[in-house]
Amino acid sequence: MYRVVHPNAPLEGTPQENAYLVLDEVGNTAGQGRVIYQYLPHMDPDCPINLYFDMKCDLAGRYVLLGALLARARQLRDVDPTVHARVYTMVHPEDTDSQAFYTSSGMSLEQRESLVTLQVPQGESRLPMGCQVIAVPMNTPEEKLGFLSRLNNNDIRHVDFVLLQQFMRTSHFQILGLTRENSVVAELMMVGNGNSAELMAIYTYPTCRGQGLAKALLHRSMVILQSEGVSHFEARIMTRSKPQMGLANAFGAQEEEVISLFPELML
């Protein structure tokens with residue numbers, strides 16, 4: 001008989017009240033899990049509260065642990081009951097055992113992260129009226145940290161200072177900004193080697209969305225990189241994010257590979 005308890009200290013940086021240990025009948029630890037609260041209005045405006053959980057447990061203890069994690073997720077979700085929320089985790093596309101476990105627990109497997117190929121649109125890369133494209137300077141630590149801060153403020157958190165430094169050593173490294181009335185309203189980062197480049201980050205300021213700025217900036221970026229010998233463009237797309245899917249569709253995205261699946265349950 002398994003039971004779940006809170007740990008006596010934070011678990012991998014997660015507060016004790018959001019973490020659980022699974023104990024067997026003699027009190028030995030048989031697994032662990034945690035819930036992480038995420039508020040992501042820019043990436044997922046239709047469902048801004050995202051409650052991520054992970055579990056490390058044998059199959060026998062999973063059901064008990066999952067029940068505790070879902071119960072805690074519902075408590076965290078009630079911090080703001082006026083907006084949509086979901087609880088989710090991540091599994092590898094080839095991990096069929098975990099997929100079967102989550103579907104049997106009532107979770108959907110519709111959402112995924114995919115690597116896609118982007119097509120360069122036909123015709124000239126035109127910019128919206130009054131807009132200009134600039135190269136965003138990355139010469140000082142302050143400029144780099146400022147860029148990372150702007151990414152973070154727009155729910156782009158997979159790039160840190162060390163990774164940015166690594167990107168800067170690639171043969172195709174590009175950070176562009178789109179300006180309007182001398183203010184930057186959109187930015188992107190492209191990274192690559194040889195004839196390939198990947199879109200690593202792109203965002204538009206909230207007040208300027210829905211005006212085609214990201215599309216215009218990405219198109220201009222592709223044209224510039226084509227002059228450097230790049231002919232293959234890729235991006236990683238979260239299917240749950242309507243802004244990401246809209247941009248992908250605008251560039252005729254074709255799926256190359258499913259990177260991760262995200263079992264989810266709407267709360």
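Reply: Let's start on the surface, where Tyr37, Tyr39 and Val79 form a nonpolar patch with about 300 Å² of accessible area together. Such a patch joins nonpolar side chains (Val, Leu, Ile, Met, Phe, Trp, Tyr) within 5 Å, from residues with over 30% relative accessible area and no salt bridge, while like charges are joined within 9 Å. A salt bridge is a side-chain nitrogen of Lys or Arg within 4 Å of a carboxyl oxygen of Asp or Glu. Accessible areas come from the Shrake-Rupley method with a 1.4 Å probe, and for residues only the protein chains shown count as cover.

A word on the source: this is a predicted model, where local features need pLDDT of at least 70 and side-chain atom pairs count only at pLDDT 80 or more, while totals for chains, interfaces and linings use all residues. Residues are numbered from 1 along each chain as its sequence is written, and side-chain values use heavy atoms, with hydrogens and water left out.

Valine 79 lies in the loop between α1 (59-77) and β5 (85-88). Helices (H or I, at least four residues) and strands (E, at least two) are DSSP runs, numbered from the N terminus. Valine 79 counts as exposed because its relative accessibility is 59%; exposed means over 50%, buried under 20%, and partly exposed in between (1.4 Å probe, protein chains only).

Now turn to strand β2 (residues 19-23). Here 5 of the 5 residues are buried, so β2 is largely enclosed by the rest of the structure. Both of its faces are covered, with Ala19, Leu21 and Leu23 buried on one side and Tyr20 and Val22 buried on the other.

What does β2 pair with? Strand β1 (residues 3-5) runs antiparallel to β2 and is joined to it by 3 bridges, and strand β3 (residues 29-39) also pairs with β2 in the antiparallel sense, over 5 bridges. Two strands pair if DSSP finds at least two bridges between them. Follow leucine 21 in the view: its bridge partner is valine 5, and in β3 leucine 21 is partnered with glutamine 32. Between the strands of the β2 and β3 hairpin are 5 residues, and glycine 27 takes a positive phi near 90° there.

Finally, step back to the whole chain. Its secondary structure comes to 6 helices and 13 strands, and buried residues make up 46% of its 267 residues.
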